[in-house]
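Subject: Structure handover

Hi,

Here is the structure I promised to pass on to you.

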Amino acid sequence: MAAELQIAPIHADEFEELLPLIAAYQRFYEVEEIDEERNRTFFRRFLAPSEDGLLLGARREGELVGYACLYWHFSSLEAVESVLMNDLYVTEEARGQGVGRVLIEATAEVARERGVPFVEWSTAPDNHTAQRLYDSTGAERSEWFSYELRVDA
C-alpha cells in the first residue's frame with residue numbers, strides 16, 4: 001500500500017488541510033489547549049521553501065494521511081547540521097499501512113539532499129507502536145536522556 005503514497009513538501013495552498021492533522025497529533029500527546037491560530041502562525045514557518053525546516057505531507061488518492069515536521073537542527077558534538085524529525089503523525093485510518101515508514105524514508109532523503117549526516121527524533125516512552133516502527137528502520141536508540149525545563153515567558 002505504501003506504493004500508492006505521494007510524499008511532497010506542504011505548500012501554502014495545502015496548509016489549511018494540514019492543520020487538523022497537527023491538532024490530532026497534539027491531542028494524541030494530550031496537549032490541553034490546542035490553539036489553531038497559534039498552530040497556523042507557528043507551522044507556517046516550515047512551508048517550502050523555508051530556512052527553518054520542512055513540512056512533508058503523505059497523500060493517498062489525494063487525501064492527506066500523514067505528515068512529518070522537520071527542523072533544521074545542529075550537533076555541536078560533530079559540528080554539523082542535522083535534521084530533527086520533531087513530529088511524525090499518521091491518521092488513525094492509515095496506521096499500519098506503511099505511511100510512517102515512507103515518511104521516515106523521505107526524511108532521510110531530505111537529509112541526504114541537504115548533505116546532513118543524520119536524522120534524529122524522539123517519542124514518548126509509552127508509545128510502543130512508534131518504537132516498534134523506529135526500531136525496525138535500522139535507527140539506533142540514543143543513549144541520551146531528554147530533559148525539559150518549563151520557563152514562564
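This is a predicted model: local features need pLDDT of at least 70, side-chain atom pairs count only at pLDDT 80 or more; totals for chains, interfaces and linings use all residues.

Residues are numbered from 1 along each chain as its sequence is written, and side-chain values use heavy atoms, with hydrogens and water left out.

The sheet

Helices (H or I, at least four residues) and strands (E, at least two) are DSSP runs, numbered from the N terminus. Five strands make up an open sheet with mixed pairing, in the order β1-β2-β3-β4-β5. At its edges are β1 (5-9) and β5 (119-120), each of which pairs on one side only. Two strands count as paired if DSSP finds at least two bridges between them. Strand β4 (residues 80-90) is joined to β5 by two bridges, and these strands run parallel. Across from Leu84 you will find Glu120 in β5.

Helix α1 lies across β2 (53-60), β3 (63-75) and β4, and runs at about 75 degrees to β3. For that angle, axes are lines fitted to C-alpha atoms, for helices over the stretch in contact, and angles run from 0 to 180 degrees between N-to-C directions.

Gln26

Gln26 sits in helix α1 (residues 15-28). With 13% relative accessibility, Gln26 is buried (under 20% relative accessible area; exposed is over 50% and partly exposed in between, with a 1.4 Å probe and protein chains only). Leaving aside residues up to four places away in sequence, Gln26 touches Val31, Ile34, Asn39 and Phe43 (contact means heavy atoms within 4.5 Å). With Asn39, the Gln26 side chain makes a side-chain to side-chain polar contact at 2.8 Å. A polar contact is a pair of N or O atoms within 3.5 Å; within protein, one must be able to donate a hydrogen and the other to accept it, and residues adjacent in sequence count only if both atoms are side-chain atoms.

Backbone details

- Ala48 and Pro49 are joined by a cis peptide bond, with omega about -10 degrees; Pro49 belongs to the loop between α2 (36-44) and β2.
- Glu30, not a glycine, has a positive phi of about 60 degrees. Glu30 is in the loop between α1 and α2 and is exposed at 68% relative accessible area.
- Glu61, also not a glycine, has a positive phi of about 50 degrees. Glu61 lies in the loop between β2 and β3 and is exposed at 74%.

Best wishes
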